[in-house]
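Okay, thanks for coming, everyone.

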Amino acid sequence: MASEPLLAALLYAHTGAADGAPSPPRAPGDLLLVADVGGTSSTISVVQRCVASSAEGAEGEGESLCVVAAETDASLGGAAVDIGVRAHVLKELRRRQRVDLSDHARAMARLLAECEGAKRTLTASAQ
């Protein structure tokens, strides 16, 4: 079963870049990496532009796309990123402010919501 990032990588490498996007790989051997971090899992696909031998009787060589790798990690998604950022912020609060919020359920829930909001803001920003 094909994954969405793999299909996106193949389409992008085959048809060209969208407006404002970097150019797709053009020379044989160039690699294209597509990452999809979803809510519950992450998928990475790597596609390489290859030189394919032409069919018998045809002249010259053609171009094809070779899938180098495609991997999905069901335990690494947006929720895991939120929890990881929250753990980092808690560690920094303990170190810098000498405050431990881990026993306060409401504070932990609010901190998680703020970490998710920060992730979404970073995702939406150009830089």
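So, is arginine 94 buried, partly exposed or exposed? At 37% relative accessibility, arginine 94 is partly exposed; buried means under 20% relative accessible area, exposed over 50%, and partly exposed in between, with a 1.4 Å probe and protein chains only.

Quick housekeeping. This is a predicted model, where local features need pLDDT of at least 70, side-chain atom pairs count only at pLDDT 80 or more, and totals for chains, interfaces and linings use all residues. Residues are numbered from 1 along each chain as its sequence is written, and side-chain values use heavy atoms, leaving out hydrogens and water.

Back to arginine 94: its side chain makes a salt bridge with aspartate 100, 3.2 Å from N to O. By salt bridge I mean a side-chain nitrogen of Lys or Arg within 4 Å of a carboxyl oxygen of Asp or Glu. Aspartate 100 is partly exposed too, at 39%. The structure has five salt bridges.

Another one links glutamate 92 to arginine 96, with the closest N and O atoms 3.0 Å apart. Those two sit about one helical turn apart, because they are four residues apart in helix H2, residues 78–97. Helices here are DSSP runs of H or I, at least four residues, and strands are E runs of at least two, numbered from the N terminus. Arginine 96 is exposed, at 60%.

Over in helix H3, residues 105–124, arginine 120 and glutamate 116 are also four residues apart, and their side chains form a salt bridge at 2.7 Å, N to O. Arginine 120 is exposed at 53%.
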